[in-house]
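Please examine the sequence and the model displayed here. The paragraphs that follow lead through its strands, its aromatic rings and its charged side chains.

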Amino acid sequence: MAALDTNTIRNILIQKGFEKVYLVEKEHNCVLFLGKIGDFNIIIGIYSGVRSLYAKIVDASKVLEPYWKCEYLEYVPHGLYTFSNNIDELIEKIVSKAKIIIK
């Protein structure tokens, strides 16, 4: 899979409903964002796998800040995963999962 373009992802997340989106970490196969929806902060880890893209979406209050890292987020027992073959569909699913988390 191609490298993840953080500016494009950030802009689409904002277009789809996040009020603010901050880049927390960028690695070769992962980008980690902190997004704000209303009073909620959501950690969004987007990973580029061998065959598809996937994301983990977690309420930021469930993870201590020192663990806001690509390598740790996958092992946090909270949150939801979503998968897709393209970034636009993945972001649609991320927004949908984030709304589930904040309810």
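**A guided reading of the model**

Lys16 has a relative accessibility of 35% and therefore counts as partly exposed; by definition, buried means under 20% relative accessible area, exposed means over 50%, and partly exposed lies in between, with a 1.4 Å probe and protein chains only. This is a predicted model, in which local features need pLDDT of at least 70, side-chain atom pairs count only at pLDDT 80 or more, and totals for chains, interfaces and linings use all residues. Residues are numbered from 1 along each chain as its sequence is written, and side-chain values use heavy atoms, with hydrogens and water left out.

Lys16 forms a salt bridge with Glu92, and the closest N and O atoms are 2.6 Å apart. The term denotes a side-chain nitrogen of Lys or Arg within 4 Å of a carboxyl oxygen of Asp or Glu. Side chains of opposite charge can pair when their charged atoms come close. The pair links distant parts of the chain, for Glu92 belongs to helix H3 (residues 87-102) and Lys16 to the loop between helix H1 (6-15) and S1, 76 residues apart. Helices (H or I, at least four residues) and strands (E, at least two) are DSSP runs, numbered from the N terminus. Glu92, with a relative accessible area of 41%, is partly exposed. A search of the whole structure finds one salt bridge.

The strands may be followed in order. S1 and S2 pair in the antiparallel sense over seven bridges, where pairing requires that DSSP find at least two bridges between two strands. A hairpin of two residues joins S1 to S2. Strand S2 (residues 30-37) has seven of its eight residues buried, so it is largely enclosed by the rest of the structure. S2 also runs antiparallel to S3, to which eight bridges join it. Within that pairing, Gly35 has Ile42 as its bridge partner in S3. The hairpin of S2 and S3 has two residues between the strands, and Gly38 takes a positive phi near 60 degrees there.

Which charged residue is buried yet has no salt bridge? This is Glu25, for which the nearest side chain of opposite charge, Lys69, is 4.7 Å away; in this count Lys and Arg are positive, Asp and Glu are negative, and His and the chain ends are not counted. Glu25 lies in strand S1 (residues 20-27) and stands opposite Leu32 in S2. A polar atom of the Glu25 side chain lies 2.5 Å from the backbone nitrogen of Cys70. Apart from residues up to four places away in sequence, Glu25 touches Cys30, Val31, Leu32, Trp68, Lys69 and Cys70, contact being defined as heavy atoms within 4.5 Å.

Strand S3 (residues 40-48) runs antiparallel to S4, with seven bridges joining the two, and a hairpin of four residues connects them. In strand S4 (residues 53-59), seven of the seven residues are buried, so the strand is largely enclosed by the rest of the structure. Leu53, Ala55, Ile57 and Asp59 point one way from S4, while Tyr54, Lys56 and Val58 point the other way. On its other pairing, S4 is joined by five bridges to strand S5 (residues 80-84), again in the antiparallel sense.

Aromatic residues occur along these pairings. Tyr47 stands opposite Tyr54 in S4, and the bridge partner of Tyr54 in S5 is Phe83. A pair of aromatic rings is described by the distance of the centres and the angle of the planes. Rings of Phe, Tyr and Trp (its six-membered ring) pair if their centres lie within 6.5 Å; planes under 30 degrees apart count as stacked, over 60 as edge-to-face and the rest as tilted. The whole structure contains four aromatic pairs. One of them is Tyr47 with Tyr54, stacked at 5.0 Å centre to centre with 10 degrees between the planes, and both residues are buried. Tyr81 and Phe83 are also stacked, because their ring centres are 6.3 Å apart and their planes are at 15 degrees. Tyr81 is partly exposed, at a relative accessible area of 33%. Together, Tyr47, Tyr54, Tyr81 and Phe83 form one aromatic cluster.

Beyond S4, Val63 is found in the loop between S4 and helix H2 (70-73). Val63 counts as buried because its relative accessibility is 7%. Leaving aside neighbours within four places in sequence, Val63 is in contact with Ile43, Val58, Trp68 and Val76.

Conventions:
Polar contact = N/O pair within 3.5 Å; in protein donor to acceptor, adjacent residues only side chain to side chain.
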